[in-house]
Amino acid sequence: MKHVSIPSGADLGALYRQVAGDYPKFFKMDVLSKLGFLLTEMLVADEANRFQPREDRAVLVFSREGCVANDRHYAASMPDFPSPALFVYTLPNIVSGEIAIRNKYAGETSAYVLEKYDEAQLWALVREAFQDRCTKSAVVAWIDCPSDTVWKADAWLVGREEILK
Amino acid sequence: MNELINELKLKVIEALNLEGMTPEDIDDNAPLFGDQGLGLDSIDVLELIVLLEKNYGIRLATPQEGKEVFKSMAVMAEYVAANRKK
């Protein structure tokens, strides 16, 4: 399976210009969605028929802190003028939707908030996603970002055969 | 009016995170929404409503009203000039 990661504290704007550069909405995303977007770009950039709509690919994002970094920004804006742009990222599952929208994936999208990084639990949940017989591959990501500058961000592109072997 | 248009462009670029864009990149009369011009979306409308209230004391009653006001930078500047409270 293909694996990519983004080092904690990396310049995400520079990385965006390097691996994508054609999706200005990136700059409106919270750090969780930015990391999910970039990890997926790194995973699938070389695929044939990129952006061809497909229903056989799932997006499964796991984290511990969810979207807490953005929640703090939104909470800070509330006494003055609550920001609609921050509000839309106050759900930890938005990242999986952003990835699906960008890549035209219409398969399962899920976001799990786990107590801690638990490899066995994570891959058990991934195997569950392949039980529908429609899913042939999945973008799987562990993205834990307690702040805008500190994170653990890893992603894998996995196929049905290697998960259900 | 040109000064106000430029000021609004700077505020819009900052409020909407229009990375890498300068006031010169925004045509005064180009539509702000839809496929042409800036291509802003419905969340951006809400951010622009907040921007008007925060900076100029203008309260728009509904997002629909915003659609008229935010047709272009020139239209927005005319509205701000006529209705600003600060």
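Helices (H or I, at least four residues) and strands (E, at least two) are DSSP runs, numbered from the N terminus. By that rule, chain A has seven helices and five strands. Along the sequence they follow the pattern β-α-α-β-α-α-α-β-α-β-β-α. The model is predicted: local features need pLDDT of at least 70, side-chain atom pairs count only at pLDDT 80 or more, and totals for chains, interfaces and linings use all residues. Residues are numbered from 1 along each chain as its sequence is written, while chains are lettered from A and ligands numbered from 1 in the order in which they are written.

Take the overall form next. The radius of gyration of chain A is 16 Å, close to the 15 Å that the globule rule gives for 165 residues, so chain A is as compact as a globular protein of that length. Here the radius is taken over C-alpha atoms, and the rule is 2.2 Å times the number of residues to the power 0.38. The C-alpha trace of chain A spans about 55 × 35 × 25 Å along its principal axes.

Now the sheet. Strands of a sheet pair through backbone hydrogen bonds, either parallel or antiparallel. Two strands count as paired if DSSP finds at least two bridges between them. In chain A, five strands form an open sheet in the order β1-β5-β4-β2-β3, with mixed pairing. Its edge strands are β1 (2-6) and β3 (109-113), each pairing on one side only. From one strand to the next, the twist averages 15 degrees. Strands β2 (residues 57-63) and β4 (residues 137-144) of chain A pair in the parallel sense over six bridges. A:L60 stands opposite A:V140 in β4(A).

Helix α6 (residues 119-129) of chain A lies across β2, β3, β4 and β5 (152-159), running at about 155 degrees to β2(A). Axes are lines fitted to C-alpha atoms, for helices over the stretch in contact, and angles run from 0 to 180 degrees between N-to-C directions. Contact means that the C-beta atoms of two residues, placed from the backbone, lie within 7 Å.

Two loops deserve a look. Most residues other than glycine have a negative phi. A:F51 has a positive phi of about 75 degrees although it is not a glycine. A:F51 sits in the loop between α2 (31-44) and β2 of chain A. Phi of A:K104 is also positive, near 60 degrees. A:K104 is in the loop between α5 (94-103) and β3 of chain A.

Finally, the partner chain. Eight residues of chain A are in contact with eight residues of chain B.
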